[in-house]
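Subject: Structure handover

Hello,

Here is the structure I said I would pass on. Notes on what was found in it follow below.

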Amino acid sequence: MAQDISSFNEYTGFAESTELAILDLLFPSLLIEQPDYEQHPPSFAPNLAVSWAFSEDNRTLTFHLRPNARWSDGTPVTAEDVAFTFRVQKDSRLPWSGQEIKDFIEAVEVVSPTEVRFRFSRTYPYQLMDANDGHILPAHAWGKIPIEEWTHTDFSRHLVTSGPFRVASHVPQQSLTLARDPAYWDPPKPYLDRVVFKIIPDTGQQLSQLLAGLVDVVLMVPPREAAELKRHPKVEVVEVPSRVWGYIGWNNRRPPLSDRRVRRALTLAINRQAIVDTVYWGFARLAKGPIPSTMWAANRNLEPLPYDPAQAAALLDAAGVRDTNGDGFRDWQGKAFTVELLYPSVNPLRAQAAVMIQADLAKVGVKVQPTPMEFTAMMARQEAGNFDAVLSAWEEATKVDMASLWVTPSATAGSNNFVGYSNPEVDLLVAQAREENDLDKAKVFWDRAQELIVEDQPVTFLYEGVQLVGIFRRIKGANINPASVFFNLPEWYCEP
């Protein structure tokens, strides 16, 4: 892995996808979400819950838990753990980004040690998904720690788990070793005795260790290395369609970027196919809009905006962004129009793309200043609204909602809409979709919202990514899929 796990408690901060995949191996969820979201909303398979059923009015959902599930200290996993986890998820003192997921769950009631009941304030298509979201925590162990102390508690010192693996050792910034949990409810799995996650920030070192047989899996193979790696007889490169899409986020609050003609012009002036071909070596495709084409809810009628510098120049002229002093670069209200483009300094692909974007926009008279930044510093500027443009990527959730990214930000509700995009018609469409019980009808609202967002170009949609996973061929049984590289890790085994 490029970086260490930040916490063993996902509710005390932001957990990225690899971190959540590790927590999947340590903590139970009620169900296992399946990677079938291209055809329809994802389906679910049993996990801690062996069965579930809705009441006749669909306002109550009851789960029946495995009677043989145990925490690593021998304590049974019960309905009280599920109820305790729900109280944690709803606690406003914790910075969990998924709190709104539980908005329509009124209560979680313990019926018996192996039966738990969720009560909803309304019916809607994502009730099962929302009930399942988040890992179950050990009430008997972590309930002793006051909630107000959670954000500065080292949970590795209070680690009680219940998954296919346990933590055997953790050397910060070096390695995390998991060992088979002998009490796991699905013997003889896992087949592996141990799984060691090595922290190697440099991708070149990761690949060197893979080729030398010192590691078995590299999570992110750089696109330019993939073709050569594929020729290695002992290594397989697995291409995994992802929900990640790259973008340039324009500050919609800052003139002249607040003018959609300007944002659209900037998109038209960037040769995005050249970025896909050159930076990503073809291991990506042009993004069309705000929902990736790998997902069932994507608007299939959308087409990528063309590369059209002439149309871009005409739009900039119409918006009053012109070269008034003959220096070859455009001005805005008497001042030079310069776009500072922020990107994370540790990402060489972003650096290469930034140079290409700078060259393309210079051809239509727009001066771009690429600015590499340390990631947390970049995020701070992003959240403060102190930026012109940010070159970044977003991983779409499997739950289609559109509210977090595209609804007008409010002072009271959390939002990922850091670019400040606001379109009242989009707000209304997303609200209508959220109230709709029929997903086919909701998709009509989402399709129209996607069209409006593409028209407004609050961000330039650059590419949809493909995750390239390098795996040593001695590893067998791996079902690497869009849900997770480690989706079925308990079934992996090593060929002698």
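Two helices, α2 (79-90) and α3 (127-132), each supply at least two residues of the lining of the second largest cavity. The largest contribution there is that of α2, with four residues. Please keep in mind that this is a predicted model.

The second largest cavity has a volume of about 50 Å³. Among the residues that line it are Leu30, Val82, Phe86, Lys102, Phe118 and Asp133. By class, its lining has six nonpolar, four polar and two charged residues.

In total there are four cavities of 30 Å³ or more. The largest cavity comes to about 110 Å³. Its lining consists of 14 residues, and Tyr124, Tyr126, Asp401, Ala433 and Arg434 lie nearest the centre. Both α13 (424-435) and α14 (439-456) supply at least two lining residues to the largest cavity, with the largest share, three residues, coming from α13. Nine residues of this lining are nonpolar and five are charged, with no polar ones.

The other item is helix α5, residues 203-211, where Gln206, Leu207, Gln209 and Leu210 are buried. These four lie on the same side of α5 because they cover an arc of only 160° around the axis. The buried residues of α5 pack against β9 (194-198), β10 (217-218), α6 (223-230), β11 (235-250) and β18 (459-472).

At the N-terminal end, α5 is capped by Asp202, with a side-chain oxygen 3.1 Å from the backbone nitrogen of Gly204. Just after α5, Gly213 has a positive phi of about 75°.

Regards

Terms used
Residues are numbered from 1 along each chain as its sequence is written. This is a predicted model: local features need pLDDT of at least 70, side-chain atom pairs count only at pLDDT 80 or more; totals for chains, interfaces and linings use all residues. Side-chain values use heavy atoms; hydrogens and water are left out. Buried means under 20% relative accessible area, exposed over 50%, partly exposed in between (1.4 Å probe, protein chains only). The arc is that of the directions from the helix axis to the C-beta atoms. Contact means heavy atoms within 4.5 Å. A polar contact is a pair of N or O atoms within 3.5 Å; within protein, one must be able to donate a hydrogen and the other to accept it, and residues adjacent in sequence count only if both atoms are side-chain atoms. On a 1 Å grid over the protein atoms alone, a cavity is a set of points where a 1.4 Å probe fits but cannot get out, and a pocket is an open set with protein on both sides within 12 Å along at least five of seven lines; lining residues have an atom within 4 Å of a point. Grid points are joined across faces, edges and corners, and a volume is the space filled by probe spheres set on the points. Ala, Val, Leu, Ile, Met, Phe, Trp, Tyr, Cys and Pro count as nonpolar, Asp, Glu, Lys and Arg as charged, and the others, Gly among them, as polar.
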